[in-house]
Amino acid sequence: MKTIKEANIYNKSVIIRFDYNVPVENGKIMDDTRIISSLKTLNYVLKSAKKVIILSHMGRVKDEEDKKKYSLKIVCDYLSKLIDKKIAFCDYTNVEETINNNEIIMMENTRFFDLDNNKESNSDEELSKYFASFGDIFINDAFGTCHRNNASNVGISKFLPSYNGFLVEEEINNLDKLLDNVKRPYTVIMGGAKVSDKLKVINNLIEKVDYLIISGGMAYTFLKVKGYNIGKSICEDEYIDYAKKLIKNYSDKIVLIEDNYIEDKSIKNIEEMDDNNIGYDIGPKTIECYKEIINKSKTVFYNGPMGLFEKGYEYGTKEILKLLNDSKAFVVIGGGDTVSAVNKYQKENHFTISTGGGASLEYLEGKKLPGVFL
Ligand code: AMP
């Protein structure tokens, strides 16, 4: 990876692409994690560069109305207070003048250009060149969009010497610990509702892991293959064949669930389920079984809630997070739902949180990310 430390930024105008796609409600930033995690790269560049020009997207911009909803001005003001420095905001009018007369400039949401033939999202060449004209060097530190080929993160890199920032470097280094020279035993825990979303990650990791815990809603497709009556629990019949093959080839690695909380919140062993039962969360026997595996693991990747935690079936997710936090393993947590469960139930933790969502999963699928410069 071409990292920021290799970049000669001294006295240069440095364009940095961050991921400031933060949730905003009633004019307030509800979660500033992404802003905070940009500070390391920003402060490093500010120390020696002549100028910093910040690019970012926010939300999906489909019509003029969205422009009001997704202006980055709010992030500009927030960041300016945070670093105690003036940041000029530029809505793409008087660009040259604004850049010439200021040291730190934040450009308006790059996705506003999507209103013109999706130029940002389609990595339009002219737009990429235009973004590149703002400075001398480009740093991409927007890990969350590294899997997308957009004008402001990948297109621009064709026209300038380009490097990755500290956040991208850290995220990739952490994910690499799940892919190469992994400390064993290595356990991957997959939960959530859908098999379809996780299939490619499973395919890429299955050869590397010692244990693959398939849990949460997606376990029922596999339990059905094993001949259990899963009643009306969530099941993706189109993945039955896939589940069959996986169980046949890797029966020594795959761990499913032994008991579950059902619709009336009572606990039932899997072999006792009837036609009308619905499994909504894993039970205490299952947790005991996972505990044994987690306690001997040195590396764990966890993605997807163990149950319908938003609707009161939070036991399994809470317990698994406790187990993981008590373990001495290197634990990486990925996925939007799982990260919100961590924030809800296990805020104090030693986890490595992979903030990338789609980007993290695509990397774990074995794909090359276009926003990571090699
Ligand atoms: P996914 O997007 O596939 O990771 O699924 C996440 C969702 O799966 C969360 O909203 C959970 O509430 C849901 N989920 C987890 N376990 C179950 C289950 N046993 N039945 C139904 N939904 C579940």
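Guide: First a term: on a 1 Å grid over the protein atoms alone, a cavity is a set of points where a 1.4 Å probe fits but cannot get out, a pocket is an open set with protein on both sides within 12 Å along at least five of seven lines, and lining residues have an atom within 4 Å of a point. This is a predicted model, where local features need pLDDT of at least 70, side-chain atom pairs count only at pLDDT 80 or more, and totals for chains, interfaces and linings use all residues. Residues are numbered from 1 along each chain as its sequence is written, and side-chain values use heavy atoms, with hydrogens and water left out.
Visitor: OK, which residues line the largest cavity?
Guide: Phe18, Asp19, Arg34, Ser37, Ser38, Asp141, Ala142, Phe143, Gly144, Leu167 and Thr355.
Visitor: And what volume does that cavity have?
Guide: About 90 Å³; a volume here is the space filled by probe spheres set on the points, with grid points joined across faces, edges and corners.
Visitor: What about the largest pocket, how much space lies in there?
Guide: About 840 Å³. It has 30 lining residues, with Asp31, Thr33, Arg34, Val339 and Thr355 nearest its centre.
Visitor: Which helix gives the most to that lining?
Guide: H13, with 5 residues. Helices (H or I, at least four residues) and strands (E, at least two) are DSSP runs, numbered from the N terminus.
Visitor: Let's stay on H13, then. Which of its residues are buried?
Guide: In H13 (residues 336-345) they are Thr338, Val339, Ala341, Val342 and Tyr345, buried being under 20% relative accessible area, exposed over 50% and partly exposed in between (1.4 Å probe, protein chains only).
Visitor: Why do they line one face of the helix?
Guide: Seen down the H13 axis, they fall within an arc of 155 degrees, so they share one face; the arc is that of the directions from the helix axis to the C-beta atoms. On the other side, Gly336 and Lys344 are exposed.
Visitor: What do the buried ones pack against?
Guide: Strand S15 (299-303), helix H12 (315-326), strand S16 (330-334) and strand S17 (352-354), with contact meaning heavy atoms within 4.5 Å.
Visitor: How do S15 and S16 pair, parallel or antiparallel?
Guide: Parallel, over 5 bridges; two strands pair if DSSP finds at least two bridges between them. S16 and S17 also run parallel, joined by 3 bridges, and Val332 has Thr352 as its bridge partner in S17.
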